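Subject: Handover of a structure, with notes

Dear colleague,

I am passing on the structure below, and my notes on it follow directly after. Please read them with the structure open beside you.

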Amino acid sequence: MGRKTDDDVLGSVGPRLRALRRDRGITLAELAARTGVSESTLSRLESGQRRATLELLLPLSRTYDVPLDDLVGAPRTGDPRIHLKPIHRFGMTFLPLSRRPGGVQAFKMIIPARPEPLEPTPQTHDGFEWLYVLNGRLRLVLGERDLTLPPGEAAEFATSSPHWLGSADGGAVELLILFGVQGMRAHVSPDAGRRGSAKGL
């Protein structure tokens with residue numbers, strides 16, 4: 001298979017932009033308001049009737065919070081690293097850190113800053129979760145307990161218990177998460193410090 005030309009790459013932008021917008025649940029009118037690009041231009045861009053330019057792609061890249069390379073599908077030449085795409089769910093960003101099917105899955109989770117913290121909406125599902133707060137102050141609602149975890153604190157719990165993760169003070173929070181099927185728990189050294197930790201909940 002021959003190498004893709006610039007025209008081939010740019011020609012595939014439209015369908016990719018349309019799929020990205022629909023995946024985010026955004027209308028053309030909403031996207032136009034966010035980017036400052038007219039609705040008709042966005043429509044022609046998605047249908048392939050308008051050629052993608054840097055002037056058009058930059059505001060879309062900022063709005064979708066994805067790199068330009070991902071918008072145009074350009075290969076990363078000479079870079080041997082595996083690039084895992086971020087997942088946007090429930091207003092949060094999950095960066096997969098592992099690709100192994102089954103077993104324990106690792107993620108970096110980013111909770112964005114908000115003017116006013118969200119109200120907890122606890123969920124349940126099968127599995128077991130271990131988390132470690134990197135930055136910010138995490139609010140962990142677990143059953144009847146309402147905990148605040150500062151940087152350096154960890155928690156592990158069965159996700160069959162009603163639980164919710166959010167910011168304790170409206171600021172951004174970054175944490176590492178290990179998630180496994182029921183019965184698969186993180187192995188923590190018994191010598192690890194436990195001051196204020198929510199481990200073993």
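Leu-138 has Leu-149, in strand 6, as its bridge partner, and the two strands involved, strand 5 and strand 6, run antiparallel and are joined by five bridges. Strands and helices here are DSSP runs (E, at least two residues, for strands; H or I, at least four, for helices), numbered from the N terminus, and two strands are taken to pair if DSSP finds at least two bridges between them. Strand 5 and strand 6 form a hairpin with two residues between them, and Gly-143 in the turn has a positive phi of about 60 degrees.

Before going further, please keep in mind that this is a predicted model, in which local features need pLDDT of at least 70 and side-chain atom pairs count only at pLDDT 80 or more, while totals for chains, interfaces and linings use all residues. Residues are numbered from 1 along each chain as its sequence is written, and side-chain values use heavy atoms, with hydrogens and water left out.

The two sheets

The protein has six helices and nine strands. Strand 5, which covers residues 138–142, pairs with strand 8 in the antiparallel sense over five bridges, and Leu-140 has Leu-165 of strand 8 as its bridge partner.

The other open sheet has six strands in the order 1-2-3-9-4-7, again with antiparallel pairing. Strand 1 and strand 7 (154–158) stand at its edges with a single partner strand each, so one side of each is left without a neighbour in the sheet. Here the twist averages 25 degrees from one strand to the next. Within this sheet, strand 2 and strand 3 run antiparallel and are joined by four bridges, with Thr-93 standing opposite Ile-110 of strand 3.

The largest pocket

The largest pocket has a volume of about 700 Å³. On a 1 Å grid over the protein atoms alone, a pocket is an open set of points with protein on both sides within 12 Å along at least five of seven lines, a cavity is a set where a 1.4 Å probe fits but cannot get out, and lining residues have an atom within 4 Å of a point. Grid points are joined across faces, edges and corners, and a volume is the space filled by probe spheres set on the points.

The pocket is lined by 26 residues, and Phe-90, Met-92, Phe-94, Met-109 and Leu-165 lie nearest its centre. Strand 8 gives the most to this lining, with five residues. By class the lining has 14 nonpolar, eight polar and four charged residues, counting Ala, Val, Leu, Ile, Met, Phe, Trp, Tyr, Cys and Pro as nonpolar, Asp, Glu, Lys and Arg as charged, and the others, Gly among them, as polar.

Phe-90 is found in the loop between strand 1 (87–89) and strand 2 (92–96). Phe-90 is exposed, at a relative accessible area of 71%, where exposed means over 50%, buried under 20% and partly exposed in between (1.4 Å probe, protein chains only). Phe-90 lies 21 residues from Ile-111 in sequence and 9.6 Å from it in space, C-alpha to C-alpha.

The second largest cavity and the helices

The second largest cavity has a volume of about 30 Å³, and its lining consists of Leu-17, Leu-31, Leu-42, Leu-45, Glu-46, Leu-60 and Tyr-64. Helix 4 (39–47) and helix 5 each supply at least two residues of that lining, and the largest share, three residues, comes from helix 4. The lining divides into six nonpolar residues, no polar ones and one charged.

Helix 5 (residues 54–64) also holds Ser-61, which counts as buried at 12% relative accessibility. Leaving aside its neighbours within four places in sequence, Ser-61 is in contact (heavy atoms within 4.5 Å) with Val-66, Pro-67, Leu-68 and Leu-71.

For the protein as a whole, 32% of the 201 residues count as buried.

With best wishes

Methods:
Axes fitted to C-alpha atoms, helices over the stretch in contact; angles between N-to-C directions.
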